[in-house]
Number of protein chains: 2
Amino acid sequence: MANLKVPKAPTIRRMPTYLQKLVELHAEGVPFVSTTVLANYMNLESIVVRKDLEITGISGQPGVGYKTDELIAAIRKFLGWNNVFEACLVGAGSLGSALLGYEGFEGYGLRISLVFDSDHRKIGTTIHGRIIHDIKRITELLKPCAMRLGMICVPSAYAQPAADLLVANGIKAIWNFANVSLQVPDDVAVQREVIAGGFALLSVKIAQLEAAKKNGEVRNVG
Amino acid sequence: MANLKVPKAPTIRRMPTYLQKLVELHAEGVPFVSTTVLANYMNLESIVVRKDLEITGISGQPGVGYKTDELIAAIRKFLGWNNVFEACLVGAGSLGSALLGYEGFEGYGLRISLVFDSDHRKIGTTIHGRIIHDIKRITELLKPCAMRLGMICVPSAYAQPAADLLVANGIKAIWNFANVSLQVPDDVAVQREVIAGGFALLSVKIAQLEAAKKNGEVRNVG
């Protein structure tokens, strides 16, 4: 009966950050965590934290907070991260390499097991422990895996062909790091990572701080 | 009097994507763009697009849509992107390199002019046209610039020291790509880029598609 309401994107986006902090606290032997501790860490109001965590079906106990291990399990279950997502990645350039070396993924149950590129200087080399395979071998290598998740890190001109190739080989979810909108069938999920989205949020924060400073100065003068 | 309401994070995050599409259309000589065209491109309902664009103070005309150049100017003004943001970047590893090579930034008025690292194998080399400077020279090189924006792309253990260094040298906004929460003074804006946030959104989309498929199958059986 839980999770009937579709949670808002910012709430879902924050889940990995809660998870990371909770796993850290759990490793330090902290059995309970208060809303206040999480709110301080997240730079959010306590009420927002409580609302966010409601989507996992877990409620904090007054004066005690959340059971750390219970909340970790609930967030993982909500996101489907209690099972490992095996993923393939297309495009082993600097962004692809950065993602292959990203410290955080292991904790989220994301395992990039296959990497493809079309550049003959890269094929056969190893980046962060993964062999770069020729994109021409995608069908042969994907077939035995029943893999559902593909990451696209190619230059934008090659992103649609890469998506078509992934879809033709059974991929049902695409994490798109290229700077274009992809066309995929209705039964394929796409998440486009727009890196400038974060810059837009930061730009608005800068404008707010500058306005506050200006108001403060006016107040000082007056 | 406009923009009194604080827009929601997803709306702000979508602004660069609208902007990119509008600039593309403008370059193709398209003088007006309908809500429907934008909604299709964004994979959103028309009503959401209309609400999103309201924050720029521009309204579409019934049957005609938005004036492309007017909307471009309004989005840039809303985000403060009509002036160039000069930025410095700390950490020229694979993620830093990927950001230096990112195709999209120039269109958003973001110019990464100074790059720092502490690795002597990198210092003095050039990545995507930028010289990598010794982090020890940060004060000397930042001082003449009046730069406000710093990007942190160092491993998480070095992120807080990097932030302290940036703040001590007058940086007022930090775009944090390291996987940690930073402590900064109240008058400094921080945007933490949690790459797994996008994966969380994709995971929820996957679960929704699987639930829909299951329901479809049940319906087929019954």
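# Exercises on a predicted two-chain model

Ala146(B) is exposed, with 8 other C-beta atoms within 10 Å. The structure in which this residue stands is a predicted model.

**Exercise 1. Two residues with positive phi**

Task: Locate Ala146(B) and state its phi; then do likewise for His128(A) and decide whether His128(A) is buried, partly exposed or exposed.

Solution: 
- Step 1. Ala146(B) belongs to the loop that runs between helix 6 (138–142) and strand 7 (149–152) of chain B.
- Step 2. Its phi is positive, at about 50°, although Ala146(B) is not a glycine.
- Step 3. The class of Ala146(B) follows from a cut-off: a residue is exposed if 12 or fewer other C-beta atoms lie within 10 Å of its own, and Ala146(B) has 8.
- Step 4. His128(A) sits in the loop between strand 5 (126–127) and strand 6 (130–134) of chain A. Its phi, near 45°, is again a positive value in a residue other than glycine.
- Step 5. With 15 other C-beta atoms within 10 Å, His128(A) is partly exposed.

**Exercise 2. The outline of chain A**

Task: Describe chain A by its secondary structure, its extent and its domains.

Solution: 
- Step 1. Eight helices and nine strands make up the secondary structure of chain A.
- Step 2. The C-alpha trace of chain A spans about 65 × 45 × 35 Å along its principal axes.
- Step 3. The domain assignment divides chain A into domain 1 (9–79) and domain 2 (85–196). The centres of these two domains, taken over C-alpha atoms, are 31 Å apart.
- Step 4. Chain A has 222 residues, of which 39% count as buried. Among its contacts between residues at least 6 apart in sequence, 54% join residues at least 24 apart.

**Exercise 3. Confidence**

Task: In which element of chain A is confidence lowest, and in which is it highest?

Solution: 
- Step 1. The average pLDDT of chain A is 90, and 94% of the residues score at least 70.
- Step 2. The lowest confidence in chain A is that of helix 8 (residues 195–221), with a mean of 81. The highest is that of strand 7 (residues 149–152), at 98.
- Step 3. For the model, the scores are ipTM 0.91 and pTM 0.88.
- Step 4. A rule applies when such values are read: where pLDDT is low, the predicted coordinates should not be read in detail.

**Exercise 4. Buried residues**

Task: Which residues touch the most other members of the largest nonpolar core? Examine the contacts of Ile152(B), and then the surroundings of Arg192(A).

Solution: 
- Step 1. The largest nonpolar core holds 130 residues, and those touching the most other members are Leu89, Val90 and Ile152 of chain A together with Leu89, Val90 and Ile152 of chain B.
- Step 2. Apart from neighbours within four places in sequence, the contacts of Ile152(B) include Val90(B), Ala159(B), Ile174(B) and Phe177(B).
- Step 3. Arg192(A) lies in strand 9 of chain A. Since 22 C-beta neighbours fall inside 10 Å, Arg192(A) counts as buried; the cut-off for this class is 20 or more.
- Step 4. Not counting residues up to four places away in sequence, Arg192(A) touches Asn176(A) and Ser181(A). His133(A) is 59 residues from Arg192(A) along the chain, and their C-alpha atoms are separated by 24 Å.

**Exercise 5. The two copies and their contact**

Task: Determine how chain A is related to chain B, and describe the side of chain A that touches chain B.

Solution: 
- Step 1. In chain A, the C-alpha nearest the axis belongs to Ser94(A), 2.7 Å from it.
- Step 2. Because 100% of the interface residues of chain A are also interface residues in chain B, the copies meet through the same surface.
- Step 3. Chain A gives 46 residues to the contact, and chain B gives 46 residues. In chain A, the elements that contribute two or more residues are helix 1 (9–27), helix 5 (94–100), strand 8 (173–176), strand 9 (189–192) and helix 8. Helix 8 of chain A supplies the largest share, 15 residues.
- Step 4. By kind, the side of chain A that touches chain B has 27 nonpolar, 13 polar and six charged residues.
- Step 5. Beyond its neighbours within four places in sequence, Ile12(B) is in contact with Ala200(A), Leu201(A), Val204(A) and Pro7(B). Ile12(B) counts as buried, with 22 C-beta neighbours inside 10 Å.

Definitions and conventions
Residues are numbered from 1 along each chain as its sequence is written. Chains are lettered from A and ligands numbered from 1 in the order in which they are written. This is a predicted model: local features need pLDDT of at least 70, side-chain atom pairs count only at pLDDT 80 or more; totals for chains, interfaces and linings use all residues. Helices (H or I, at least four residues) and strands (E, at least two) are DSSP runs, numbered from the N terminus. Two residues are in contact if their C-beta atoms, placed from the backbone, lie within 7 Å. Domain bounds come from an automatic or database domain assignment. A nonpolar core is a set of buried Ala, Val, Leu, Ile, Met, Phe, Trp, Tyr and Cys residues joined through C-beta atoms within 7 Å. pLDDT is the predictor's confidence in each residue, from 0 to 100. Copies are superposed by least squares on the C-alpha atoms of residues with pLDDT of at least 70 in both. Ala, Val, Leu, Ile, Met, Phe, Trp, Tyr, Cys and Pro count as nonpolar, Asp, Glu, Lys and Arg as charged, and the others, Gly among them, as polar.
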